[in-house]
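Visitor: I'd like a quick tour of this one. Can we start with the strands and go from there?

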Amino acid sequence: MAAWLLLALAPVAAGVMLSFASYYGDHMVLQKEPVGAVVWGYAEPGAAVTVTLSRDGGLIVMKKMVQVKGPPGTWTTVLDPMDQGGPYTLTAGQGSENVTLQDIYFGDVWLCSGQSNMAMTVLQIANASQELVAAAHYPYVRVFAAAPARSDAELEDLEQINLPWSIPTAENLGHGNFTYFSAVCWLLGRYLYEALQYPIGLVEAAWGGTPIEAWSSRRALQACGLPEDMGSPALSSSISPHQHLSGPQTPSVLWNAMIHPLLNMTLRGVAWYQGEANAFLHTDRYNCTFPALIADWRQAFHAGSAGQTEPLLPFGFVQLSTYRRQSPDDSFTRLRWHQTADLGVVPNARMPGTFMAVAMDLCDERSPYGSIHPRDKQNVAHRLHLGARAVAYGEKDLVFQGPYPTRAVLEVTRGLLNVTYSQELVCRQRDTRAFEVCCSSQPSPCAWLPAPVVAVESRTVVLAVAGCGTLVLGLRYAWAEWPCEYQSCALYNSQGLPAPPFLLDALPAGETPGRLETAGGRELLLLPGSWFSRGI
């Protein structure tokens with residue numbers, strides 16, 4: 001795969017050529033108001049650089065003077081906040097030297113990162129030919145792709161670029177398999193453009209088969225008590241007890257080479273599709289490593305952009321889809337749960353400012369890229385963009401996630417459990433295994449039994465739990481690696497968004513202040529699964 005070779009990361013002080021940093025170029029999108037876009041580059045130390053933003057016709061909009069720090073000879077400035085639109089010309093000048101970038105627009109910049117499901121290109125998805133032809137209709141959604149790279153030390157700039165800032169074409173959106181450009185990223189940007197009607201800049205930094213530890217800084221890993229050498233057998237997951245981390249899986253190497261160089265960039269949001277690798281490695285640490293990564297990236301991008309990227313940077317992610325129809329374990333299911341910090345839905349107290357696209361119903365057993373790589377990325381991006389509009393853009397009354405249980409009442413004499421949801425329900429499948437209850441008197445291991453759906457009313461599901469008697473200790477939904485056929489899980493809302501999987505402890509409400517038994521039966525207090533999840 002060809003890559004665009006760039007300047008050395010730390011030029012020597014003598015003879016530094018005037019230039020912008022690697023990820024600035026013709027056709028780029030810079031972050032619009034209310035914040036300022038950070039611009040930086042290289043120049044001869046000891047002299048000032050003049051940065052000029054001009055209209056296409058030459059009218060100067062703003063001019064900034066900045067001193068060059070040296071060595072290594074870098075300069076940085078923050079542009080005044082700009083309204084959406086363009087085109088503009090951006091020039092850096094030092095003495096008689098000038099470097100000019102053209103066709104610059106201001107809009108929103110989103111970073112897309114993760115592993116192979118993020119790296120899947122538009123060429124690989126369902127209806128690829130139509131999607132590639134449609135690219136020509138979106139000239140104001142601009143794309144940029146960093147090349148896969150790893151480093152043992154934090155880099156200040158990208159070493160290589162797969163795709164410099166470009167106007168989308170069929171060729172650069174469908175360059176090849178798992179290269180560029182990311183289908184999820186492209187479709188998210190396209191859907192956002194259709195909703196917002198102003199330029200969108202998309203930055204891809206993804207590498208297939210990589211665990212979250214590789215994308216995490218050492219700070220983030222230490223926050224979860226993880227040492228630098230996490231490949232030791234004693235620390236590996238029970239699924240792969242002798243797997244060592246190496247190459248692009250090594251802790252922090254992708255953070256160092258692909259994320260740290262971008263920290264000066266002013267961003268509007270992040271989209272993340274990763275987790276498959278961690279279904280086989282340190283699975284049960286993900287409920288710490290994922291929130292820690294989000295918090296660390298936010299702090300780092302805020303600091304790196306001189307405070308321009310907001311501290312609570314909107315962070316969207318895709319909950320894992322499917323892999324094996326007959327799975328020997330529940331690692332995928334646990335990973336889905338851990339993606340929400342074991343709380344089931346986001347945003348939540350541990351993951352504020354986040355949004356999630358549920359994808360467990362988008363299975364693709366016949367995918368030529370393996371069932372772990374479903375081709376329906378349109379629904380993934382649609383669900384993701386709804387979350388972005390609600391959480392990142394504050395669009396009121398927009399339904400962006402599926403229904404979630406809020407209350408349960410056990411009718412002991414009738415052997416029924418009435419589960420009330422947050423939204424109107426649409427039942428697509430009366431799957432006898434969709435719901436399961438824990439009836440064991442011992443919390444670990446739990447004896448999970450099917451709880452068949454007896455009826456689905458407006459916001460209530462009635463489950464048969466006669467086998468439990470008076471003892472219902474836990475309730476779970478869609479707790480399977482392959483929980484349903486394509487778009488045919490049990491419950492959706494009227495907008496077609498699936499109810500997410502959950503694992504809940506069910507405690508007698510009478511044991512909790514303010515919760516009483518009702519006339520219709522014994523009310524249960526539903527809490528996110530904790531001790532059940534260790535003995536499933």
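Visitor: What joins strand S4 to S7, and which way do they run?
Guide: Five bridges join strand S4 (residues 38-42) to S7, and the two run antiparallel. This is a predicted model: local features need pLDDT of at least 70, side-chain atom pairs count only at pLDDT 80 or more, and totals for chains, interfaces and linings use all residues. Residues are numbered from 1 along each chain as its sequence is written, and side-chain values use heavy atoms, with hydrogens and water left out.

Visitor: What counts as a strand, and what counts as pairing?
Guide: Strands are DSSP runs of E with at least two residues, and helices are runs of H or I with at least four, numbered from the N terminus. Two strands pair if DSSP finds at least two bridges between them.

Visitor: Which residue in S7 stands opposite Trp40?
Guide: Thr76 in S7 stands opposite Trp40.

Visitor: What sheet do they belong to?
Guide: An open sheet of three strands, in the order S2-S4-S7, with antiparallel pairing. Strand S2 (19-20) and strand S7 (74-78) are the edge strands, each pairing on one side only.

Visitor: Switch to S14. Which way do its side chains point?
Guide: Strand S14 covers residues 315-318. Phe315 and Phe317 point one way, Gly316 and Val318 the other.

Visitor: Are those residues buried or exposed?
Guide: All are buried. Buried means under 20% relative accessible area, exposed over 50%, and partly exposed in between, with a 1.4 Å probe and protein chains only.

Visitor: What does S14 pair with?
Guide: Strand S13 (residues 269-273) runs parallel to S14, and three bridges join them. Val270 has Phe315 in S14 as its bridge partner. S14 also pairs with strand S15 (residues 354-357), in the parallel sense, over four bridges. There, Gly316 stands opposite Phe355 in S15.

Visitor: How does the chain cross between those strands?
Guide: S13, helix H7 (residues 286-304) and S14 make a right-handed β-α-β unit. S14, helix H8 (residues 331-339) and S15 make a right-handed β-α-β unit too. Right-handed means that, with the strands pointing away from the viewer, the path from the first strand over the helix to the second runs clockwise.

Visitor: New topic. How many disulfides are there?
Guide: A search of the whole structure finds four. The rule is a pair of cysteine sulfur atoms within 2.5 Å.

Visitor: Take Cys112 and Cys185. What's the geometry?
Guide: Their sulfur atoms are 2.2 Å apart. The link is right-handed, with 75° about the S-S bond. The pair links distant parts of the chain: Cys112 is in strand S9 (residues 97-114), Cys185 in helix H4 (residues 183-196), 73 residues apart. Cys112 is buried at 0% relative accessible area, and Cys185 is buried at 1%.

Visitor: And Cys224 with Cys288?
Guide: A disulfide joins them, S to S 2.1 Å. The torsion about the S-S bond is about -95°, so this disulfide is left-handed. Cys224 lies in the loop between helix H5 (218-223) and helix H6 (253-259), and Cys288 is in helix H7, 64 residues apart. Cys224 counts as buried at 15% relative accessibility, whereas Cys288 is partly exposed at 25%.

Visitor: What about Cys484 and Cys489?
Guide: They form a disulfide, S to S 2.0 Å. With a torsion of about -70°, the disulfide is left-handed. Cys484 is buried at 7% relative accessibility, and Cys489 is buried at 3%.

Visitor: Last topic, cavities. How many are there?
Guide: Three of 30 Å³ or more. A cavity is a set of points on a 1 Å grid over the protein atoms alone where a 1.4 Å probe fits but cannot get out; lining residues have an atom within 4 Å of a point. Grid points are joined across faces, edges and corners, and a volume is the space filled by probe spheres set on the points.

Visitor: What is the volume of the largest cavity, and what lines it?
Guide: About 80 Å³. Its lining includes Tyr23, Tyr24, Trp165 and Met265. Strand S3 (residues 29-31) gives the most to that lining, with three residues.

Visitor: How does the lining split by class?
Guide: The lining has 10 nonpolar, two polar and no charged residues. Ala, Val, Leu, Ile, Met, Phe, Trp, Tyr, Cys and Pro count as nonpolar, Asp, Glu, Lys and Arg as charged, and the others, Gly among them, as polar.

Conventions. On a 1 Å grid over the protein atoms alone, a cavity is a set of points where a 1.4 Å probe fits but cannot get out, and a pocket is an open set with protein on both sides within 12 Å along at least five of seven lines; lining residues have an atom within 4 Å of a point.
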